[in-house]
2 protein chains.
Amino acid sequence: MTAGERIPLWDIFEVAFAGPSDGNPFVDVTLSATFAFGNREVRVTGFYDGGGTYRLRFMPDTQGNWTYVTTSNVSVLDGHKGALTCDPPASGSHGPVRVRNTFHFGYADGTPYFPFGTTCYAWTHQPETLQTQTIDTLKNAPFNKVRMGVFPKHYIYNENEPLHSLFERGPDQVEDFTKPNVVAFQHFERQVKALMDLGIEADIILFHPYDRWHYCDLSHEQDIAYVSYLVARLSAYRNVWWSLANEFDFLLDVKPVEHWDRLFHTIEAHDPNRHLMSIHNGEVTVMFDHRKPWVSHVCVQNWDVKRTDQWRREWGKPLVNDELEYEGDIPRPWGNISARELVHRFWITLMRGGYAGHGETYLHPEDILWWAKGGVLHGESAARIGFLRQLVEDSVTEGLTPLSEDGRWEFSRVSGARDGTVRFLYFGEHQPREWAVGLPLEDGDYEIDLIDTWEMTVTRLDKAALPASPALRQRGGAMAGGEPEAAFGVKLPGKPYQAVRIRPVRAT
Amino acid sequence: MTAGERIPLWDIFEVAFAGPSDGNPFVDVTLSATFAFGNREVRVTGFYDGGGTYRLRFMPDTQGNWTYVTTSNVSVLDGHKGALTCDPPASGSHGPVRVRNTFHFGYADGTPYFPFGTTCYAWTHQPETLQTQTIDTLKNAPFNKVRMGVFPKHYIYNENEPLHSLFERGPDQVEDFTKPNVVAFQHFERQVKALMDLGIEADIILFHPYDRWHYCDLSHEQDIAYVSYLVARLSAYRNVWWSLANEFDFLLDVKPVEHWDRLFHTIEAHDPNRHLMSIHNGEVTVMFDHRKPWVSHVCVQNWDVKRTDQWRREWGKPLVNDELEYEGDIPRPWGNISARELVHRFWITLMRGGYAGHGETYLHPEDILWWAKGGVLHGESAARIGFLRQLVEDSVTEGLTPLSEDGRWEFSRVSGARDGTVRFLYFGEHQPREWAVGLPLEDGDYEIDLIDTWEMTVTRLDKAALPASPALRQRGGAMAGGEPEAAFGVKLPGKPYQAVRIRPVRAT
């Protein structure tokens with residue numbers, strides 16, 4: 001057997017076969033392959049791509065020589081053998097994102113990944129020129145994840161028809177939910193790849209309730225067939241995340257919790273790469289049970305972001321709050337907070353050990369709102385989120401742990417986090433002129449930076465005297481002293497939206 | 001029997017008697033009186049005021065002729081009889097504040113009372129000139145309640161000795177906790193009266209943990225004697241509220257919950273006027289059980305003000321959040337939020353059916369911080385709180401009911417309240433350009449006012465078209481319509497900290 005095609009680690013090996021096009025190939029024909037690396041075997045599901053063409057895609061996760069052999073219920077597709085050699089990764093490729101250090105994420109190559117995502121639910125269903133504009137915007141935006149639906153969106157400001165129907169239309173123009181429209185899926189996949197080429201994760205939403213095309217009304221078996229097909233097509237893209245739903249609880253009448261679990265298991269069956277999987281809530285009081293082992297991380301919609309550290313502790317997994325309300329001015333409370341407030345909520349979320357997602361919903365004369373359609377960004381939060389991302393990427397390695405875990409009550413009110421010896425304090429609506437709690441308990445040589453989160457400035461601060469500290473009440477004649485607050489204090493400007501970063505100076 | 005002295009309703013009838021001054025009159029001598037109005041009898045406790053003088057004070061709550069007779073364990077004080085005639089109330093006197101409409105307050109004469117309080121914990125313990133300045137400030141400030149401690153305060157910025165020790169000093173200069181220092185109590189009482197003359201309620205804090213004078217170490221019996229004495233002196237002042245503690249939970253090691261209950265009962269025994277009573281928490285997670293029938297209203301320290309409507313519903317009583325953090329810049333998170341944030345929290349609290357309290361803690365070169373010592377106000381929130389108070393007093397009669405009780409989820413995010421046909425919406429960090437939810441469902445003639453809560457402006461708005469409303473997903477081929485949001489919409493400026501008031505135009 002030859003060494004075969006050479007594929008960089010975490011890139012896509014694809015092989016196509018000609019097969020039957022009569023009947024319903026999506027239903028009638030099964031195709032899979034077993035990829036082998038020595039004694040290790042990985043099962044990969046193939047898919048029908050229209051016009052009698054069947055494809056198998058495989059993302060190698062280990063360098064070296066792989067072989068494969070196909071299995072099909074159709075003899076012409078069965079028993080094909082081949083080989084590939086997996087080389088070192090391409091430049092800029094870090095592999096799929098995994099859970100790392102319990103509450104955080106990292107790429108497969110060990111590089112930390114800090115999600116700073118945005119939301120463009122239906123951008124792939126817009127006219128091509130608008131999609132091109134969206135990609136151009138993302139090239140220069142600070143986001144490394146996009147939440148995007150497979151299905152188009154029916155909602156206010158979303159009245160237009162999608163570029164492609166998701167399923168083939170019969171002679172009566174009615175969509176046949178047993179036949180994916182390969183043109184639609186090829187297009188969607190092309191945009192997933194466009195994001196991959198920009199280093200952006202595609203947080204792919206499989207179901208959502210905003211529908212006028214009856215996509216909510218697929219039978220349970222049709223749901224499973226659709227998910228199987230999507231996963232077979234896309235799981236070889238390293239930047240894929242599976243989000244089973246946007247607002248799953250608004251679909252509970254047609255998809256009960258047991259069905260969602262079955263859909264999770266369907267993905268597991270067809271995704272040899274075990275991409276991240278989660279599911280998103282509508283009502284802030286209705287959460288999926290993210291403790292289930294097949295849920296890799298917690299996806300939250302909730303505005304009450306000072307509870308982030310509590311949620312994280314309760315679920316014991318990485319937490320991404322993808323809807324802490326969007327910057328905008330529409331008449332829906334989830335889509336009309338000020339840029340300042342969204343940046344504030346990002347900082348609070350990060351400084352309590354979670355991750356946050358951006359969205360933008362400004363009224364637009366042609367109803368082109370970023371949150372659903374993409375286009376260009378109009379708001380003021382994105383730049384500040386980029387500033388925060390840069391600070392985190394510059395300073396954090398393993399992930400931020402909330403200072404509230406150190407037991408000081410002050411961090412129920414202000415926010416702070418640490419990673420090893422690096423600490424951040426975020427004061428938000430608090431505006432002290434001097435501060436100590438959360439600063440290091442050991443004196444030493446520190447770089448202390450004052451961060452203006454809105455003005456995006458970083459200013460070196462000197463150590464200052466400890467502020468006056470409240471004595472406890474006198475008991476039995478002796479004054480009880482409080483616990484030490486810190487080894488030194490800092491002087492601050494006495495205005496809101498300030499943060500402080502403290503890093504020990506490394507010996508040169 | 002003659003008609004006796006003429007006393008306006010809710011003013012103070014006082015009578016003094018000469019009695020023994022040897023031994024410990026505070027402990028040795030009992031004095032009380034029964035005031036009678038026809039067959040009704042009211043028991044009033046007397047008190048020793050030093051120099052052989054004993055006093056009885058009585059606040060008549062009913063116009064007409066009253067008689068009294070004294071009872072004492074000392075014959076010279078026993079069996080004194082007298083009479084008084086209670087006339088209509090003096091101008092500007094509305095009587096003591098009571099609970100009204102379950103969640104609200106009103107004066108005894110039926111006038112609504114909306115608490116807009118401030119905090120000056122130890123102002124009566126400061127030098128006289130500073131106290132005079134405090135009174136002058138309160139004359140022109142928007143506050144109608146002051147939280148103030150009987151005991152002095154030991155804490156950062158509070159290192160000075162009080163004007164008077166609370167108890168008589170023995171020859172060894174040690175205070176004798178069985179002998180109240182009448183000079184101190186006379187002074188405190190003069191300041192309670194000064195507030196009464198300004199129409200300001202005195203929310204009197206009986207105990208607190210910030211102590212270096214061993215006042216926290218009184219025995220339980222000494223606590224009860226002190227409370228009995230204080231109540232006998234002060235309960236005839238119509239502007240008195242009893243706050244058993246500031247931060248009771250920080251005193252639980254010396255005063256368990258059973259003792260707090262006993263102190264509530266001690267007040268009930270000596271206060272014939274049944275002034276409002278509550279108790280204040282330190283940790284936001286430790287609440288006294290305000291459901292107990294002797295607690296008239298809920299006193300809260302909590303910054304998480306969007307939960308106000310939830311707390312109110314849980315406790316079923318009027319809710320006053322006296323510490324939603326103070327405007328200031330000190331290095332304690334409870335005392336360093338921006339003025340804008342405090343005003344925001346006031347609006348949220350009011351628009352969720354509760355009441356809020358002000359405090360101010362700016363660093364001061366001579367440690368004169370309003371929250372503890374009074375003086376002058378330096379901040380920017382007081383004027384905006386006054387503006388809010390004026391709006392409420394102009395528009396509200398029975399008290400505000402949160403719009404979240406109408407079941408619309410939007411009011412978990414934005415805030416709104418109604419009183420009869422008057423409605424307020426408060427958008428806060430939300431900045432919609434158009435809005436409908438919470439506006440009236442019936443069309444008609446309305447006065448619609450846009451309120452800029454920070455700029456303190458009120459601008460008339462016209463009715464506008466209903467904004468586009470999200471359709472629900474299509475089920476079974478038919479588009480399900482949402483519930484109607486309102487009969488009309490409003491256009492808004494698309495910036496934060498705006499509110500709207502809607503009132504039907506009355507037929508002329």
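Across all chains of this predicted model, a search of the whole structure finds 92 salt bridges. One of them joins Arg100(A) to Glu398(A), with the closest N and O atoms 3.5 Å apart. This pair links distant parts of the chain, for its two residues are 298 residues apart. Arg100(A) belongs to strand 9 (residues 97-100) of chain A, whereas Glu398(A) lies in the loop between helix 9 (381-395) and strand 24 (401-402) of chain A.

Salt bridges also connect the two chains: ten are counted between chain A and chain B. Among the salt bridges of the model is the one in which the side chains of Arg332(A) and Glu410(B) meet, at 3.6 Å from N to O. The contact between the chains draws 65 residues from chain A and 65 residues from chain B. The size of an interface is often given as the accessible area lost when the parts come together. Between chain A and chain B the buried area is about 5000 Å², and carbon and sulfur atoms give 51% of this area.

Within chain B, attention may turn to the packing of two helices. Helix 3 (residues 182-197) of chain B packs against helix 4 (residues 220-234) of chain B at an angle of about 45°, and their axes are 11 Å apart. The two helices are therefore oblique to each other, and helix 3 of chain B passes helix 4 of chain B in a right-handed crossing. Helix 3 of chain B contributes Val182(B), Phe185(B), Gln186(B), Phe188(B), Glu189(B) and Val192(B) to the contact, while helix 4 of chain B contributes Tyr226(B), Tyr229(B), Leu230(B), Arg233(B) and Leu234(B).

Definitions and conventions:
Residues are numbered from 1 along each chain as its sequence is written. Chains are lettered from A and ligands numbered from 1 in the order in which they are written. This is a predicted model: local features need pLDDT of at least 70, side-chain atom pairs count only at pLDDT 80 or more; totals for chains, interfaces and linings use all residues. Side-chain values use heavy atoms; hydrogens and water are left out. Axes are lines fitted to C-alpha atoms, for helices over the stretch in contact, and angles run from 0 to 180 degrees between N-to-C directions. Helices (H or I, at least four residues) and strands (E, at least two) are DSSP runs, numbered from the N terminus. Angles under 35 degrees count as roughly parallel, over 145 as roughly antiparallel, 65 to 115 as roughly perpendicular and the rest as oblique. A crossing is left-handed if the near helix is turned anticlockwise from the far one by less than a right angle, and right-handed if clockwise. Contact means heavy atoms within 4.5 Å. Buried area is the accessible area (1.4 Å probe) that two parts lose on being put together, summed over both. A salt bridge is a side-chain nitrogen of Lys or Arg within 4 Å of a carboxyl oxygen of Asp or Glu.
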